[in-house]
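Q: Please take a close look at the salt bridges in this structure, and describe the surroundings for someone new to it.

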Amino acid sequence: MRFLCGTLLLLVFSTLGYAQRIDSAVAHIEQKGFFVPNAFGTATAPFLAYKKDPNGGLTISGTMPVYYFDFRGNVLPGCPYEYTSLPFEKKNRAVVTRNGLVGMIDQQGRVVVPLRFQRLELTNHPNGWLRVRLNGHWGLIDSTGQVQLEPSYDEIEPFSDGMAAVKQTGKWGFIDLAGREVIAPMYSHVWRSFHEGFAAVDTTTQPNKNAVGFINKQNQAITAFKYAYPFCVNRRNTHSRDYTSYYQFRCGYALVRNNNCETGVIDTLGREVLPVRFYRIEITDSTLVGHRNKQQMTYKTPR
């Protein structure tokens, strides 16, 4: 017990010392005429800071100078950048902007992705690939800036379940983690990207048309394209209208709905284990229970 208590005390003092280092560094930076956002909250080194005007204020503009400082309050090489530059993220890199073009720097200020793109965003790729926009089109680069997928798509969504939705000439398809197009753009909309092996897609742009269905990663439909859009606008019935829980498989089941805001449940074979007629679905570890006024129906999930 003594050892444990001593360890806890050491941890507390170490944490306090770390906080004091942050506070003193931020104070030193601000004395130089800079503003550090979230100075005593989430700010950590390297610190992102905005250069103040001679009058002590901040003028927001496309060329507003942004600087990065180390723990000692020294400016990282390469600064300043423009105001759209971002704080350092989890992989110790920061997206920076100069002359309207973006790239990335590391914690020493070295450019690790050249500043030549119009946009640069994270993708949830396991290898840290980034989606980039160049000449009006989106592609993928790796963490060193090497192009892995030439910019040719109108849009690229973040990766989910090893796939990313892509848009080209008004239609949506999917690419895999290698950047290969495994489902050609053919769908009007992607309501839910892949999760547990299935995605919810739409085959028409007509309003109020029941045309949402589910596909697997081989582009095989497991349901007919007959369900309504995920959101519900019917206010007559007392039920949840939170569409975020619809049309995505969780533990082998997905909620679906029709134009009357009636809800049902399908399994991974596309079967309606609860028909689309309920106002509320209650989910437990072993059952799915549909409620409609005083009526209810229970489906026991296989073990």
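A: Salt bridges and their surroundings

Glutamate 155 and lysine 167 meet through their side chains in a salt bridge, at 3.9 Å from N to O. This pair links distant parts of the chain, with glutamate 155 in strand β11 (residues 155-156) and lysine 167 in strand β12 (residues 163-168), twelve residues apart. A salt bridge here is a side-chain nitrogen of Lys or Arg within 4 Å of a carboxyl oxygen of Asp or Glu. Strands (E, at least two residues) are DSSP runs, numbered from the N terminus.

The model is predicted: local features need pLDDT of at least 70, side-chain atom pairs count only at pLDDT 80 or more, and totals for chains, interfaces and linings use all residues. Residues are numbered from 1 along each chain as its sequence is written, and side-chain values use heavy atoms, with hydrogens and water left out.

Glutamate 155 is partly exposed, at 31% relative accessible area, and lysine 167 is also partly exposed, at 22%. Buried means under 20% relative accessible area, exposed over 50%, and partly exposed in between (1.4 Å probe, protein chains only).

The structure holds nine salt bridges. Another of them joins the side chains of arginine 292 and glutamate 262, at 2.7 Å from N to O. Arginine 292 lies in strand β22 (residues 287-292) and glutamate 262 in the loop between β18 (253-257) and β19 (263-267), so this pair ties together parts that are 30 residues apart in sequence. Glutamate 262 is buried, with a relative accessible area of 14%.

Aspartate 267 and arginine 271 also form a salt bridge between their side chains, at 2.8 Å from N to O. Aspartate 267 counts as buried, at 6% relative accessibility. Elsewhere, salt bridges that share partners join Arg119, Glu121 and Arg131 into one network.

The surface also has a nonpolar patch, formed by Phe35, Leu58, Ile60 and Tyr83, with about 370 Å² of accessible area together. Patches are made of residues with over 30% relative accessible area and no salt bridge; like charges are joined within 9 Å, and nonpolar side chains (Val, Leu, Ile, Met, Phe, Trp, Tyr) within 5 Å. Accessible areas come from the Shrake-Rupley method with a 1.4 Å probe, and for residues only the protein chains shown count as cover. Tyrosine 83 sits in the loop between β3 (66-69) and β4 (93-98). Tyrosine 83 is partly exposed, with a relative accessible area of 34%.

Definitions and conventions: Helix = DSSP H or I, 4+ residues; strand = E, 2+ residues; numbered from the N terminus.
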